[in-house]
Amino acid sequence: MSELTVGVMSMAHLHAAGYIGLLAARPDVRLVVADPDAVDRPGESGGRELAERLGVTDYVDTYAELLARRPDAVIICSENARHRELTELAAAAGAHVLCEKPLATTVADGEAMIAACAAAGVSLMVAYPVRFSRPFQALRDAYPQLGRIVAVAGTNNGQLPAHSRSWFGNAELAGGGAVMDHTVHIADLLDALFDGAEAESVHAVTNRMIREDETELETGGLLSIGYPGGVIATIDCSWSKPAHYPTWGGLTLRVVGEGGIADLDAFGQKIHGFQEPTRSPLWIDYDEGGDAAMLDEFLSAVREGRRPQPDGESGLRSLRIVERAYRSASTGAPA
Amino acid sequence: MTVINTIKAGLRVGLVGAGGIARLHLPAWLALGAQVTVYSIDGAAGTLVNEFAGGQVAESLDELLDAVEVVDVVTPTFTHPEIVLAAAAAGRHIVCEKPFALDTATAEAMVKACASAGVQLLPGHVVRYFAEYSALQRAVAAGAVGAPAVLRFHRCGSRPLGGWFADPALSGGLVMDQMIHDLDFARWIGGEIETVFARIVDSSPGTTDGVVSAHVTATHAGGAISSCSGTWARQGTRFRYGFQVAGTDGLLEHDSAGAAPLVVDAGAARAGGELVSVSPTVESPFLTELREFAVSFSGGPPPRVSAEDGVAAVRLAVAANTSILTGAPVEVAA
C-alpha cells in the first residue's frame with residue numbers, strides 16, 4: 001500500500017491528540033504536524049512540545065511548511081471559527097480535508113468550505129466519530145427491526161470543555177456554547193439514520209445556570225426538531241456534567257419505532273468500581289471509540305478516490321440545525 | 001398543639017369506578033383500614049370487591065354518597081367533573097384521579113365548588129409518591145444538586161388498546177393522560193412553568209396499532225429548562241420511566257429499566273402490555289399517596305399535592321396540546 005502524507009493542522013482541539021496517536025501508529029501514513037496558533041493558548045498544551053510528547057517526528061512551525069510537504073490529506077483541529085481559513089488553505093494546496101466538528105461556526109463559512117473543496121477537486125469530510133462507533137453500528141444493524149420510526153430523544157452532555165481548552169468559552173472562536181458544541185453529534189447520527197433528511201423545524205431553549213460564573217456562553221440547551229413525515233426529535237446538548245464527574249460525559253439515543261424501542265449508550269462500555277485514596281468512583285472505559293474507524297474511512301476514500309461520509313453537505317445540515325436553534329432561542333419561535 | 005398524623009379509624013371511603021386504577025386503589029384503602037363502598041356504572045364493582053375480598057357494593061352513586069365520608073373518583077377522565085361536583089354537593093372530601101378534567105375552566109370550577117362546599121379535593125398525581133421521584137424531590141429540595149437547571153423526564157407504556165382511553169377526545173390523549181405526570185413533577189421541582197413547546201407523532205392515528213410519542217420543552221420561572229418525552233409503544237412493551245436533573249452543583253438520574261433490585265428471567269417474552277407497573281420492592285405509591293390523603297381528610301397536615309396543583313397540571317397539558325396544534329410555543333398563564 002502506498003504511503004500517504006497526512007498533515008494535522010492545529011492542535012487547538014484536543015481530539016488532535018487522539019488522531020495523532022492513531023495516525024502515528026499506522027505504517028501507511030507519513031505524519032506531519034503544525035500548531036502555530038499554540039502561541040494564542042498560553043498555559044495550555046500545544047506546539048512542538050505536545051507534538052513530540054505524542055511521538056510526532058515531523059513537526060513544522062507554519063501551515064505553509066506543512067502544505068509544502070504536499071500532503072495527500074489533512075485533518076483540521078483548529079478552533080471552530082478557523083476551520084474555514086485552514087480548509088481553504090489545504091484545498092488550495094490540493095489536500096483532501098477531514099475537518100473537526102462542527103464544520104464551521106456559520107452556515108456561510110460552511111458553504112464556502114464546500115465550494116473551495118469542490119473547486120480544488122478534493123474531498124471534505126467532517127469528523128463525527130460516533131457515527132463509526134461499534135454501538136452506533138449495532139444500532140444501524142438493529143434499525144430495520146424498529147419499523148417505522150416516529151421519535152428520537154438524544155442526549156450529548158459533557159463537562160465544560162473550556163476547562164481544558166479556554167477557546168471553547170470564547171464566543172467568537174467557538175461560535176457558541178453547548179448548542180454549538182454538542183448538538184451536532186446527535187444531529188449527525190439523525191442525519192445518518194434519516195438518510196440526510198433536512199430538518200423542517202427547529203425549536204430551542206437555552207440557559208446558563210450551570211457554571212454561570214465560568215462562562216458567558218449557554219451551558220444548557222434543549223432542541224425540539226421536526227423531520228419530514230412527522231418524525232420528532234429532542235436533543236439535550238447541555239454541558240451539564242459536573243466538573244469532577246467520573247467521565248467527560250456521554251451520548252445516548254432512544255429511538256422509538258412501530259416495531260420497538262432502541263436505547264443506545266454510545267459511551268456506556270465501562271466497568272465500575274471505587275478507589276479509596278481518591279474517594280472517587282472508578283469508571284474504566286473499555287470502549288474502542290469511533291476515531292480509528294473514522295480515520296480509516298477518510299484515508300481509504302482518499303486512496304480509492306471516492307467521497308468519504310459524512311461529507312461537507314452532511315456537516316452543513318447539522319450546522320444548519322445549530323444556526324436555526326440559536327435563531328429560535330433568541331426569538332422564542334421555531335425556526 | 002398536636003399534629004394529627006393518623007387516619008380516622010374506619011374511614012368510610014367510596015370508590016367510584018372499578019377499572020384499572022381502582023384495582024390499585026382498593027387494596028391500598030383496605031390496607032389503610034378504610035371501610036370501602038364501590039360503585040361502578042358498568043356493574044364491575046362486585047367482581048372487584050370479590051377479587052380483593054374487601055368492600056361492599058353500592059347500587060347507585062347516591063347510595064355511595066350517602067354511605068361515605070370520602071369519595072375516590074377513579075372513573076374515565078371525561079366523567080370526573082360530574083362525579084366530583086356531586087360529591088362536593090354531598091359534602092364529601094374527594095380524591096380525583098388525574099387529570100381533573102379535559103380543560104382548565106372545568107378543573108377550576110371543580111376546585112371552586114369543593115372550596116365552597118368546604119371539602120378537600122386532592123388529585124391523584126401518584127408519580128409524586130413513587131419512591132424514586134420522592135427521593136429525587138427531597139434531595140433537590142435539600143440542595144443536593146444546587147439549583148435545578150436542565151431537567152429531563154421520560155415515560156413509556158403500551159398504547160391503550162381500546163375504549164375511552166384510546167380516544168383522545170375522551171382521555172385527552174398522551175399528553176393529558178400520561179405526560180401530565182411529568183409536567184406536574186417538572187413543575188414541582190423546577191418551579192412554575194412559563195412556556196411550553198410541544199410536538200406529537202402518531203404512526204397510525206385513529207387506531208390502536210401504531211406508536212405515539214410526544215416531546216415537550218418547558219421553561220421555568222427561575223430559569224430552568226425541562227424536556228418531557230412520553231410514548232405509547234407497541235403492545236407488550238415494558239412500562240418504563242426515568243429522569244435526569246442537572247443542577248448548578250451536580251446531577252441525579254434514574255431509569256427504571258436499569259435499576260431493578262430484583263430481576264426474574266423466566267425465559268419467556270412478556271405477553272400483554274401494561275399501563276403502569278408497581279415495584280414489589282417498595283411500598284405501593286398508591287398506598288403512600290392515599291395514606292397521606294387520608295391523614296389530611298382526618299384533620300392532619302395538607303399533602304404534598306393540592307387541588308391547585310391538579311388544575312396547574314391540566315393547564316400545562318392543555319398548553320402543550322395547544323402548542324401541538326399551533327406549532328408555536330405557548331405561554332402558560334399562572
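A:Pro310 sits in the loop between α9 (291–304) and α10 (312–331) of chain A; helices (H or I, at least four residues) and strands (E, at least two) are DSSP runs, numbered from the N terminus. The bond that joins A:Gln309 to A:Pro310 is a cis peptide bond. This is a predicted model, in which local features need pLDDT of at least 70 and side-chain atom pairs count only at pLDDT 80 or more, while totals for chains, interfaces and linings use all residues. Residues are numbered from 1 along each chain as its sequence is written, chains are lettered from A and ligands numbered from 1 in the order in which they are written, and side-chain values use heavy atoms, with hydrogens and water left out.

A cis peptide bond also joins B:Lys98 and B:Pro99. B:Pro99 lies in the loop between β5 (93–97) and α5 (104–117) of chain B.

| Cis peptide bond | Omega |
|---|---|
| A:Gln309 – A:Pro310 | about 0 degrees |
| B:Lys98 – B:Pro99 | about -15 degrees |

A:Ser10 is not a glycine, yet has a positive phi of about 80 degrees. This residue, A:Ser10, belongs to the loop between β1 (4–9) and α1 (15–24) of chain A.

The contact between the chains (heavy atoms within 4.5 Å) takes 43 residues from chain A and 43 residues from chain B. Together the two chains bury about 3000 Å², with 62% of it on carbon and sulfur atoms; buried area is the accessible area (1.4 Å probe) that two parts lose on being put together, summed over both. Between chain B and chain A there are three salt bridges, each a side-chain nitrogen of Lys or Arg within 4 Å of a carboxyl oxygen of Asp or Glu. A:Asp236 and B:Arg152 meet through their side chains in a salt bridge of 2.6 Å, N to O. There are also 13 residue pairs in polar contact between chain B and chain A, both residues at pLDDT 80 or more. A polar contact is a pair of N or O atoms within 3.5 Å; within protein, one must be able to donate a hydrogen and the other to accept it, and residues adjacent in sequence count only if both atoms are side-chain atoms. On the side of chain B that touches chain A, at least two residues each come from β7 (148–158), β8 (193–202), β9 (212–220), β10 (225–233), β11 (240–247) and β12 (250–255) of chain B.

Over all chains the structure holds 43 salt bridges. One is formed by A:Arg82 and A:Asp40, with the closest N and O atoms 3.2 Å apart. That pair links distant parts of the chain, 42 residues apart: A:Arg82 is in the loop between β4 (73–76) and α4 (83–92) of chain A, and A:Asp40 in the loop between β2 (29–34) and α2 (47–53) of chain A.

A:Gln159 is placed in the loop between β7 (149–158) and α7 (171–174) of chain A. Its side chain reaches the backbone oxygen of A:Tyr245 at 3.5 Å.
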